[in-house]
Amino acid sequence: MTKSIHDFQDEHGRITGWPSDRRRAHQLAILDYLTGLFDPGVSYDQGQVEGVLADHSTFEDPSILLRELVESDYLATDGQVYWRADGRPGTRVASPGERG
């Protein structure tokens, strides 16, 4: 991804805003960054995913980012767990304290 997400991060690297649809390349760069927070082949429950997103954003509702990740095919779900769409889910499930 060639677009920088710096304009959408605070001094701690957390995502602070969501680009408009006109800036889809920036949206995709943010989604690519967020996807990198999850290990391929590891399944995460919704609370774990939202916890990772909350830790790496200043959004009041991290489910907005989760929806974007799923709708843009960065994360996949079976309705119970989530995993990186580029890493087929394995048998390993993230422990409650483990985050990407």
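This is a predicted model: local features need pLDDT of at least 70, side-chain atom pairs count only at pLDDT 80 or more; totals for chains, interfaces and linings use all residues.

Colleague: Which residue stands opposite V81 in β3?

Modeller: That's D45.

Colleague: And what's the strand order in the open sheet?

Modeller: β1-β3-β2, three strands with antiparallel pairing. β1 (44–45) and β2 (75–77) are the edge strands, each pairing on one side only.

Colleague: OK, switching to helices. At what angle do the axes of α2 and α3 cross?

Modeller: Roughly 110°, and the axes come within 9 Å; α2 is residues 46–55 and α3 is residues 63–71. Angles of 65 to 115 degrees count as roughly perpendicular, so α2 is roughly perpendicular to α3.

Colleague: Which residues make that contact?

Modeller: From α2 you have Q46, V49, E50 and L53, and from α3 there are S63, L65, L66 and L69. In the contact of α2 with α3, five residues are nonpolar, two polar and one charged.

Colleague: What about α1 and α3, how do their axes cross?

Modeller: At roughly 100°, coming within 10 Å, with α1 running over residues 24–35. That makes α1 roughly perpendicular to α3 as well.

Colleague: Which residues in α1 meet α3 there?

Modeller: R24, L31, L34 and T35, and they meet L65, E68 and L69 in α3. The contact of α1 with α3 divides into four nonpolar residues, one polar and two charged.

Technical notes: Residues are numbered from 1 along each chain as its sequence is written. Side-chain values use heavy atoms; hydrogens and water are left out. Two strands pair if DSSP finds at least two bridges between them. Helices (H or I, at least four residues) and strands (E, at least two) are DSSP runs, numbered from the N terminus. Axes are lines fitted to C-alpha atoms, for helices over the stretch in contact, and angles run from 0 to 180 degrees between N-to-C directions. Angles under 35 degrees count as roughly parallel, over 145 as roughly antiparallel, 65 to 115 as roughly perpendicular and the rest as oblique. Contact means heavy atoms within 4.5 Å. Ala, Val, Leu, Ile, Met, Phe, Trp, Tyr, Cys and Pro count as nonpolar, Asp, Glu, Lys and Arg as charged, and the others, Gly among them, as polar.
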